[in-house]
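This briefing is meant for a reader who is meeting the structure for the first time. Please look through the sequence and the model below before reading on.

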Amino acid sequence: MKRKGIQQMSWKGIAAFTVLILILPFLLSTSLMITKATFAGIYTIVAVGLGLLMGFAGQISLGQAAFYGVGAYSTAILTATFGLSPWLSLLIAIAAPALIAYILGHTMARLHGYYLAMATLAFGIVIHVLLVEWKGFTKGASGFYGIPKIEFFGFTFTQGISYYYLVWAFALLVIVLSLNIIHSRIGRALRSIHDSEVASSSMGVDTGRYKMQVFIISAMFAGIAGWLFAHMSYSISPGSFGLDGSILFLTMVVLGGSTSVWGAVFGALLITAISSFVQALGSKISFITSDFEHVLYGLILMLVVIFLPQGLFPAIAAKLKPLLEYAGRKKKAGNITAVKGDQRA
Amino acid sequence: MSYFIEFRDVSFRYREDQPWVLKDVSFNVQSDEWLAIIGHNGSGKSTIAKLMNGLLLPQKGEILVDGVQVTEDTIWEIRKKVGMVFQNPDNQFVGTTVKDDVAFGMENHGLPRKLMVERIQTSLAAVGMNDYEAHEPHRLSGGQKQRVAIASVLAVAPQLIILDEATAMLDPKGRLEIMETIRNVQEDQDLSLLTITHDLQEVVKADRVIVMNQGSKWLEGTPRDVFSEKDKLRNIGLDTPFVTKLAAELSAAGLPIQREPLNHQELLEDLWTLHSKM
C-alpha cells in the first residue's frame with residue numbers, strides 16, 4: 001500500500017539521507033574527518049533519543065551522558081574484564097540504561113519540568129562519581145583500557161570507514177525507529193502530552209506510562225551509542241560522560257529542534273561540525289582552547305532559545321516548505337499538460 | 001431520580017501547605033441534564049471538572065460517576081464516561097487531519113478500527129463538520145476547531161461532556177454556534193452536560209446553575225432562580241445578563257415585569273402584553 005503524507009515524505013528523507021551517508025566518506029579527505037563523522041553518528045543516536053524525550057514528551061534530561069556512560073562502561077567491563085562477546089554485551093549495554101531509567105522513572109514520576117531536569121542532573125553526577133571512584137570495576141579517572149574491537153563473521157570493525165558505516169547503520173536504524181514511533185499511536189500520545197498533559201489525560205492517554213516508555217527508549221539509545229563509542233576507542237574515561245556531555249547533547253537537540261527527529265540529527269551534525277572547526281582553529285590560534293567550545297555552545301544555546309525557540313531545522317524547513325510546494329505544484333501542472341499533449345497526439 | 005454524578009462532601013487542595021480549593025462540596029448531576037457552574041477565578045469550578053474526570057482525586061469526601069467511585073483504579077473507566085472539552089482546542093489536536101484527531105481518543109481507549117471509522121463519521125456529522133474530515137485541524141477557524149474537539153470527545157461515546165470555558169476564546173457568533181451544536185448533540189444523544197463558564201448567555205440555556213464562591217457551593221437553582229438573586233450575585237462580584245438588568249430597571253421605573261426574563265424574547269413577551277395586564 002502506498003504511504004501518504006508525512007510518512008511518505010519521511011521515507012524520501014531517509015533515502016536521501018542514507019545516500020548522503022554512503023557517499024560522505026568518499027568526500028572526506030582525512031581519516032580525522034571520518035572519525036569526526038563517526039562521532040557525529042554516535043551523537044546522533046543519543047540526540048535522537050533525547051529529542052523524543054524533550055520534544056515529544058516534554059521532559060528535560062540533564063543525565064543523558066550518564067546513560068551513554070553506563071552503556072559504554074557495561075560493554076567495556078563485560079568484554080575486557082569478563083571476555084564476553086561485544087554482540088552479547090550490546091544487549092547489556094541497552095538493558096542496563098533501560099533498567100536504570102525504569103527505576104529512575106518510577107522515583108521521578110511526580111517530578112515535572114525543571115525538577116525532573118535537576119533530578120536527572122543529580123543522577124548524572126552520581127554516575128560520574130561512581131565511574132571515577134569505583135576503581136575496582138571502572139579503573140577510575142585514568143580510564144578503562146583494552147576494550148576489544150567488534151567482529152562480525154571474522155571481519156573486524158576498526159576505526160575508519162568500516163566503523164563509520166557500522167555507527168551510521170545503527171544511527172539510521174534509530175532514526176527510522178524514532179520516525180515510526182512519532183507517527184504511531186505512541187507518537188500521537190506523546191505529542192498530546194507535550195501540548196497539554198491535562199488534556200491528554202482526559203483523552204484517555206496514560207501520560208505516566210508513555211513518559212516512562214520514552215524515557216526508557218532515550219536511555220536505550222544512549223546505551224547503544226555508549227556501546228559504539230566504547231568499541232571504537234581502545235580506552236574510555238569518565239570525563240566523556242559528565243555534565244559537559246549531557247549539556248552538549250541538550251545543545252544538539254535545542255539547536256536542531258526538539259520537535260523533529262531530523263532536528264536532533266541536524267543538531268548533532270552541526271555541533272560536531274562546529275567542534276571540528278573550533279579544534280582546527282585552535283591548532284592555529286593559541287588562545288582558542290577546548291574551553292572555548294563550551295563558551296560557543298552556551299552562546300549558541302542562548303541565541304537559539306531567544307531567536308529560534310523551535311530550533312534551526314524546523315525554521316529552515318518552514319522557509320523551504322513554500323518553495324517545495326511551489327515546485328510540487330509546477331511539476332503537477334507540467335504532468336497535466338503532458339497528459340493533455342499525449343491525448344491530443 | 002437517577003444521578004449520573006454525585007459529589008459527597010468533597011474537599012480538595014493542590015498542596016498540603018496551601019488552603020482548600022474546594023470545601024465540603026456536595027451536589028449531583030442528573031442524567032440528561034445540562035448543569036452550568038459559574039464563579040470567579042479561583043472559586044474552584046475548574047477543579048470540580050478535573051475531579052469529575054479523575055484528573056485530580058479528592059482528599060476528603062467521595063465522587064461517584066455512574067455509581068462508581070472515582071479512584072486511581074477506576075479513572076480509565078471513568079474517562080470513557082466523562083469527556084472534556086477545554087478552552088484551547090489546539091491542546092487536543094495531535095493528528096495531521098481532522099479525521100486523525102477524532103480517532104485519537106478512541107485509539108487511546110482501544111476501540112476496534114471498524115467502530116472507529118463509523119464513529120468518526122457520526123461524530124463529525126453531529127457537529128456539522130463531516131465535510132472537513134480530510135482538512136488540517138490548524139487551518140480551521142476557532143469555532144470549527146472547537147467543534148472538532150467536541151466531535152473527538154463525542155466519538156468516545158461519553159455519558160457526560162464537560163465544557164471547561166470551551167467558548168472563552170471564540171467571538172459571539174462562534175460561541176452561539178458552539179452552544180447550538182452542544183444543545184443539539186445533548187438532545188440527540190441523551191447526554192449530561194456540564195458547562196464551566198463566564199458567559200452568562202451560556203448559563204441561561206442550562207437546566208440548572210451552581211454558583212461557586214471561595215471553594216463552596218454558594219447558590220443552586222434554575223437560571224431564573226439564580227439570576228433573580230441579582231443583589232446577592234452583585235455582592236460577590238458576579239454579573240447578571242443584560243436582559244435581567246434591564247428588567248430590573250424597568251421594574252424600578254414602575255413597569256410590572258411578572259417574571260425574571262432570561263432572554264430578550266421573554267422580556268418582549270412581558271412588555272407587549274403589559275397593557276392588557278394594567
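In this predicted model, B:Glu107 counts as buried because its relative accessible area is 15%, which falls under the 20% limit. The side chain of B:Glu107 meets that of A:Arg188 in a salt bridge, with a distance of 2.4 Å from N to O.

- Side chains of opposite charge can pair when their charged atoms come close.
- Between chain A and chain B the count is 1 salt bridge.

**The interface of chain A and chain B**

- On one side 16 residues of chain A take part, and these are in contact with 20 residues of chain B.
- The area buried between chain A and chain B comes to about 1700 Å², and carbon and sulfur atoms give 60% of this area.
- Of the area that chain A buries against chain B, 37% is supplied by A:Arg188, A:Ser202 and A:Met203, which is more than any other three residues supply.
- Across the interface of chain A and chain B, 4 residue pairs are in polar contact, with both residues at pLDDT 80 or more.
- Helix 8 (185-195) and helix 9 (197-202) of chain A each supply at least two residues of the side of chain A that touches chain B, and helix 8 gives the most to that side, with 6 residues.
- Sorted by kind, the residues of the side of chain A that touches chain B are 6 nonpolar, 5 polar and 5 charged.

**Other salt bridges**

- Over all chains, the count comes to 16 salt bridges.
- Within chain A, the side chains of A:Arg209 and A:Asp206 meet in a salt bridge at 3.6 Å, N to O; A:Arg209 is partly exposed, with a relative accessible area of 40%, and A:Asp206 is also partly exposed, at 25% relative accessibility.
- Within chain B, the side chains of B:Arg139 and B:Glu136 meet in a salt bridge at 3.5 Å, N to O; B:Arg139 is exposed at 57% relative accessibility, whereas B:Glu136 is partly exposed, with a relative accessible area of 30%.
- One network, made of salt bridges that share partners, joins B:Glu33, B:Arg208, B:Lys217 and B:Glu220.

**Chain A as a whole**

- Chain A holds 14 helices and 2 strands, and buried residues make up 49% of its 345 residues.
- Its domain assignment gives domain 1 (5-310) and domain 2 (320-345), and the centres of these two domains, taken over C-alpha atoms, are separated by 42 Å.
- Among the contacts in chain A between residues at least 6 apart in sequence, 78% join residues that are at least 24 apart.

- A:Gln64 is found in helix 3 (residues 64-81) of chain A, and A:Gln64 counts as buried because its relative accessibility is 0%.
- Leaving aside its neighbours within four places in sequence, A:Gln64 is in contact with several residues, among them A:Val46, A:Leu50, A:Ser218, A:Ser246 and A:Phe249.

Methods: Residues are numbered from 1 along each chain as its sequence is written. Chains are lettered from A and ligands numbered from 1 in the order in which they are written. This is a predicted model: local features need pLDDT of at least 70, side-chain atom pairs count only at pLDDT 80 or more; totals for chains, interfaces and linings use all residues. Side-chain values use heavy atoms; hydrogens and water are left out. Contact means heavy atoms within 4.5 Å. Buried area is the accessible area (1.4 Å probe) that two parts lose on being put together, summed over both. A salt bridge is a side-chain nitrogen of Lys or Arg within 4 Å of a carboxyl oxygen of Asp or Glu. A polar contact is a pair of N or O atoms within 3.5 Å; within protein, one must be able to donate a hydrogen and the other to accept it, and residues adjacent in sequence count only if both atoms are side-chain atoms. Helices (H or I, at least four residues) and strands (E, at least two) are DSSP runs, numbered from the N terminus. Ala, Val, Leu, Ile, Met, Phe, Trp, Tyr, Cys and Pro count as nonpolar, Asp, Glu, Lys and Arg as charged, and the others, Gly among them, as polar. Domain bounds come from an automatic or database domain assignment. Buried means under 20% relative accessible area, exposed over 50%, partly exposed in between (1.4 Å probe, protein chains only).
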